[in-house]
Amino acid sequence: MATLLSPVLRRLRGLRRLPGLPRLAAEMPLRARSDGAVAGALYSHHIPTSPLQKALLAAGSASDMVAVLGETTGHRTLKVLRDQMRRDPEGAQILQERPRISTSTLDLGKLQGLPEGSLGREYLRFLDVNRVSPDTRAPTRFVDDEELAYVIQRYREVHDMLHTLLGMPTNILGEIVVKWFEAVQTGLPMCILGALFGPIQLSAQSLQVLVSELIPWAVQNGRRAPCVLNLYYERRWEQSLRALREELGITAPPVHIQGLA
């Protein structure tokens, strides 16, 4: 079975060494094969894999390969999310226009000049305070559908936006809370696994706060809010964060968790 997977892993290692190669592969036509694999790449960075190879990749996904796990186990869920976006006017526009969130697409000067309390200003503050970059999101590689590949890419790129909306830092506890919200919102297997198994890293004090206060809050907000993938954030930079939270039904966190881990 390892022999079946080794060509995929070799291609993955090759992509890490030579980032320009996927763009060449993106021009190859899609051809169905009798063994269930996809013979040609559909988009930049795409690595066609058979169902068996996907299962092996999912089974071998470690903590540093969460993105691979999400791509190889969430096909049905991605279709549900895609259909939700298609039914929503704002979501449908996102699917059509395919906006991306990265340092090359963000006008950081414009965001810096926005009023205090606006979504854009608070998002920029989140990036600065937590020393994170939108460019760290891994490109989609193993989803054999171009539109679904964009859906999971969009989910990854708005992750920091969800931190901003929920008022969660990037420490371990904050990440777990966001994963609970995302699990309820998206149903993606990787989010569910992160929500369930992430707490094993916590101290006893943080675990008590998580179970008694933060999980109920995240679940309640996740159920109440509309699909966060239907928000065209790039066109809402000037909207106040408070107004957006009220629109989505997101309430303030019950406790301050900056000092917990």
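A charge is taken to sit over a ring if NZ of Lys or CZ of Arg is within 6 Å of the ring centre and within 35 degrees of the ring normal. In the predicted model described here, Arg 235 lies over the face of Tyr 232, at 4.4 Å from the ring centre. Because the model is predicted, local features need pLDDT of at least 70 and side-chain atom pairs count only at pLDDT 80 or more, while totals for chains, interfaces and linings use all residues. Residues are numbered from 1 along each chain as its sequence is written, and side-chain values use heavy atoms, with hydrogens and water left out.

The chain contains 14 helices and 0 strands, where helices (H or I, at least four residues) and strands (E, at least two) are DSSP runs numbered from the N terminus. Of its 261 residues, 50% count as buried, a term that means under 20% relative accessible area, with exposed meaning over 50% and partly exposed lying in between (1.4 Å probe, protein chains only). Among the contacts (heavy atoms within 4.5 Å) with a separation of 6 or more, 69% are accounted for by residues 24 or more positions apart.

A pair of aromatic rings is described by the distance of the centres and the angle of the planes. Rings of Phe, Tyr and Trp (its six-membered ring) pair if their centres lie within 6.5 Å, and planes under 30 degrees apart count as stacked, over 60 as edge-to-face and the rest as tilted. The structure holds 1 aromatic pair; the ring centres of Tyr 123 and Trp 237 are 5.5 Å apart and their planes stand at 25 degrees, so the pair is stacked. Since Tyr 123 belongs to helix H8 (residues 119-130) and Trp 237 to the loop between helix H13 (204-224) and helix H14 (241-248), the pair ties together parts that are 114 residues apart in sequence. Both Tyr 123 and Trp 237 are buried.

Most residues other than glycine have a negative phi. Arg 98, although not a glycine, has a positive phi of about 55 degrees; this residue is found in the loop between helix H6 (89-97) and helix H7 (108-112), and is partly exposed, with a relative accessible area of 25%. Arg 131 likewise has a positive phi, near 55 degrees, and is found in the loop between H8 and helix H9 (146-157), where Arg 131 is exposed, with a relative accessible area of 78%.
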